[in-house]
Structure formats: structure tokens, C-alpha cells
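User: Hi! Could you walk me through this model when you have a minute?

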Amino acid sequence: MRKVCNPIISGFYPDPSICRVGDDYYLVNSSFAYFPGIPVFHSRDLEHWNQIGNAIDRTDQIKLDKCLVSQGIYAPTIRYHKGLFYIITTNVPDGGNFIITAEDPAGPWSDAYMLGDAAPGIDPSLFFDEDDKCYYIGTRPNSEGEKYFGNWEIYIQEVDLTQMKLTGQSSSVWQGAMRNAYWPEGPHLYKKEGYYYILTAEGGTERNHSIMVVRSKSILGPYEGDPKNPILTHRHLGKDYPVQCVGHGDLVQTQEEKWYMVMLGMRPCKGFTSLGRETFLAKVNWEEGWPVVNQGIGKLEEYVTLPDRLIEISNKVEKEVYGFRNGILTQNLVSLRGGLRAADLNERSGWVRLYAGSRSFSDICPVSMIGVRQKGYHYCVRTKMEFEPETEGEKAGLVLFQNEESNLMIYKKYHPEGDLLTVESKDGKCNSTMAQMLVHGGVLEIKFIAQEQKGELFFRYEGDREFHLLADNIDLCRYSTEAAGGFTGCILGVFVLGEANVKADFKHLIYETLVL
Ligand code: 6LW
């Protein structure tokens, strides 16, 4: 047996959906306003996950230009049927639910087939029945009228895949397991031994999150809830339990007919979560026709015990570089709303040249930032930059980005007596300058070290042996989900702000986990 460490994918990778084709597992996550969107992971053992692509990697596939950080792409589902991979997901608020397809999950993925008004709501999933019929399952406001906030319902409708349209009538099949349940969502449909099962989240994605299961002999119901619902939640474990908000699961069966579930969870540090919602794994057994999660334990554990690999892993998992080196961009880099368009790799060999896309992070447009997800609470991020600001308002540097109104920026800006290296915090609508120092031109290295929820910032010039302290004891709790709200985790990125011709060069952005 081998022990697989939870979370299986750390950092802001929420709403996981999984499917298996032969020996290969594929997993996708929500990506909201970040571009490229919908990271696609591959594994052969449920333990090692390699990002093989991004399902949204062309800006004309879907419009993200005007969405807030926690809008955009919500909760994708990945499925495979007869030679084709399907991802179904939602673009909020612009466009709603849509399907993309690919022969190879690494891409290219097709243009979006928009499902339009026929498919209201969010969290769509697809189910292929034995007769090859395909069904849409999703969540929408209670069709008899929303009686209270979160009074939504799960509904099912057939999909005509030749037309990429919902067809026939929709059937409302489930409103929640609890009395006055709120946010029944993230549904997925399966069939096993004559029963249709719906796995669904309930209670909202925060502290009351949970996973329920219901079943029926007929796809359109009536569905009966498992009397043991919720089959997984951490809401009863108290706010100090290390993993919170557990919910939104998807099931997968291995070649050996064992069952597992992926789901999201949050890991706060000092009561505040900077990592957003991450992807966890649990074992599932079936008892009397119902799934039991982590039998005998009833909650997520730090390790999942998996059988030894029956198959050799042929595609060795490479050690991922979180960030980029020498101007070579990696799959796990993201920009805001398509700001990656502003990255030029050819202008200066071994460097990434960024052109400004906006004057501030509050502008709702493709902002010129590229970064990686925060993966833990002990890390170091470094960048080497060259930037010569010419007028006020031009800024370039490093950012810890939670959302438009919650971020920590370290940047160089113009000053008549020389450049000013500035540490600025945005916390709600309130801006504060934490440190400022005159610096000279040339290549500048910035280093950010985070230990739990405290940050320290350093800089040095090329040729310097030592780093110089710029700011310390920075409280990082304020850039958390609890403080800022929303669905995302922090991104560590490099950026340039100003008019469109303003540019900055970055040689690398390196994220390293600090081993204690
Ligand atoms: C998603 C919903 C949820 O659509 O959060 O955890 C929303 N659950 O199902 C955004 O990720």
C-alpha cells in the first residue's frame, strides 16, 4: 500500500471533476477570471498529477474581459464518451453554460457551444447513459420561485449532442437533503447496479459545505436521499479543524473497480485561508447501495491509502517549476482575463517583456500580470526585473493578489530624484503605503518570504551578495478568503501597470516551498 498526501493538488484548484479512460485519470478545476482557464491534470495513479494543458487557452473561446476575479469560469465537469472528451461549465455572468470538446485532453479544445437560456443556472455536468443518451444535470433557482436565499434545485434534461442543445423538457429532481436546504449544487450523475445516483453539494461552499447522495431507479426520479446524508462534511468538526468547507465531490472508479472521490476543501492558517479551495481525495466503499466515504473514519484524512500501483508509471512526473525561468513560460502560469496577451517572449532573449494592460488592479479588463497559485503557507517568491519608469503612474513589480481590492504590491515607480521601490497594500477600499525607498536603475531582484501569515520583503541589485530588507512583519491574513470573500486563492505574480506602451522585463518568477 502507498500513502497519498492530501490535498492531492494544493493551491487554488476548486470544484474538482474527474474521469478515467483506461489507465489514465483526468481532472479539471474552476479558474474564474484567470486565463488560460480550466487547468487539465493527468495522473495514472491518483497520486501524481501533471498539468497537461488548459482547456480555455484562446481568448476568442470565451470572453473573460469584463468579469470580476470570482466570476468567469465556474465548476467545470470533465467526461469522456466514445473517443471524445467533454467539458461542460459556466461563464459567469457572460454567456452561461457551454460545452467544449477535445480528442486529446491536453488540447486543443473546441470553440464553445453555448447552451443559452435553455440551460439556466450553474454547475452543469453531463451523464452518458447506457443507451448513449446524454443528460445535462445542473442547478438553477427553484422553478416554483425562490423562497429564500439559496433555494435552488437540481434539474436534469436530455442533451442533443449533434446539435449541442438541450432538448425536451427539464425535470426538477432534487431540492436538498435538509429541510430548507440552501445551495444544492455541483451535481454529478452516475449509474451503478440499476440505480442512478446524484452526488450533490449543499450548504454553500463555505463552512457549512457538505456532500449528499440521492438515488433513483429512473433517471428523472423520483430520487430518494441517503438517510445517512451528508455522506461527507467537516461542518460539525469546529472552526479549528485543519480542513474546512469540504464539499463539491465527483466519483471515479478505478480499473480494479475501486471507488474514489475528489472534492474541495480549505486549509486555513491562523484562521485565514490564502490558498482558496484545494483538491482532496478520499476512498469510497459501497454498503447496501450507498457510498460510504473513508469508511470507519467519516472525514478527510491527511493521507489516503491506495493499493500499490498495478501499472508502471510511464510518464514520469516532472518536477514542476512554479513560475518561469529565463523567459520560458510554463503551463501553470495565469494572467487576469487574458492579460497574457501582453507578454512578449521575443523582444529580449531569456526575458518576458510585459506591456501594461491597465493603470490599476481595480480596472476590470485584461490586467498585465502573470503568476502562479500560492501552494502553501511557507514559501519564497523571487523575481528579477528591469524596468525604467518615465512618468508617474507607471509601476512594475511583484504582487500577492487575492482580488481587485485585496492585494500586496511591491513595485518600482517614477520619482524625480530616482525610482521609488514601494510596498503598497490594498485591503478593501483602503490603500496604505507600508515602505518606500529610493533605488537606482538596472536589474533589481525582489524576494518575498511568507511564513504562516507573516511576510517579509527584500531587494538587491545585480551584483549584490546580500538582500536588503524592505518591509517585514506584514500581516497576510488580510489577503484571505475570510477577509476578502470570493472563490479564489492567492496568486503570486509579476505585473506592469500604466499606459499601453509601458513595458517591464522579467527574467524569472520562481515560487519555492520552504521546507521547515
Ligand atoms: C461553484 C459551486 C461552488 O459553482 O462554488 O463549491 C462555486 N461550490 O458549486 C464556485 O466555485
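Analyst: Happy to; below we go through the domains, the ligand site and the salt bridges.

User: Great. What should I know before reading any numbers?
Analyst: This is a predicted model: local features need pLDDT of at least 70, side-chain atom pairs count only at pLDDT 80 or more, and totals for chains, interfaces and linings use all residues. Residues are numbered from 1 along each chain as its sequence is written, and side-chain values use heavy atoms, with hydrogens and water left out.

User: Thanks. How is the protein chain divided?
Analyst: Into domain 1 (15–242) and domain 2 (319–513), with bounds from an automatic or database domain assignment. Their centres, taken over C-alpha atoms, are 34 Å apart. Domain 1 brings 22 residues to the contact and domain 2 brings 24 residues, where contact means heavy atoms within 4.5 Å.

User: And what area is buried between domain 1 and domain 2?
Analyst: About 1,800 Å², with 58% of that from carbon and sulfur atoms. Buried area here is the accessible area (1.4 Å probe) that two parts lose on being put together, summed over both.

User: How many residue pairs are in polar contact across that interface?
Analyst: Eight, both residues being at pLDDT 80 or more. A polar contact is a pair of N or O atoms within 3.5 Å; within protein, one must be able to donate a hydrogen and the other to accept it, and residues adjacent in sequence count only if both atoms are side-chain atoms. Salt bridges between domain 1 and domain 2 number zero; that term needs a side-chain nitrogen of Lys or Arg within 4 Å of a carboxyl oxygen of Asp or Glu.

User: OK, switching to the ligand. Which residues come nearest?
Analyst: D15, D123, T205, H248 and R277, out of 13 residues around the ligand; near means that a heavy atom of the residue lies within 4 Å.

User: How far is D15 from an oxygen atom of the ligand?
Analyst: A polar side-chain atom of D15 sits 2.4 Å from a ligand oxygen atom. For T205, an N or O atom in the side chain is 2.7 Å from an oxygen atom of the ligand, and for H248 the distance from a polar side-chain atom to a ligand oxygen atom is 3.1 Å.

User: Last one: how many salt bridges does the rule count?
Analyst: The count comes to 31. One of them pairs R2 with D45, whose closest N and O atoms are 3.9 Å apart.
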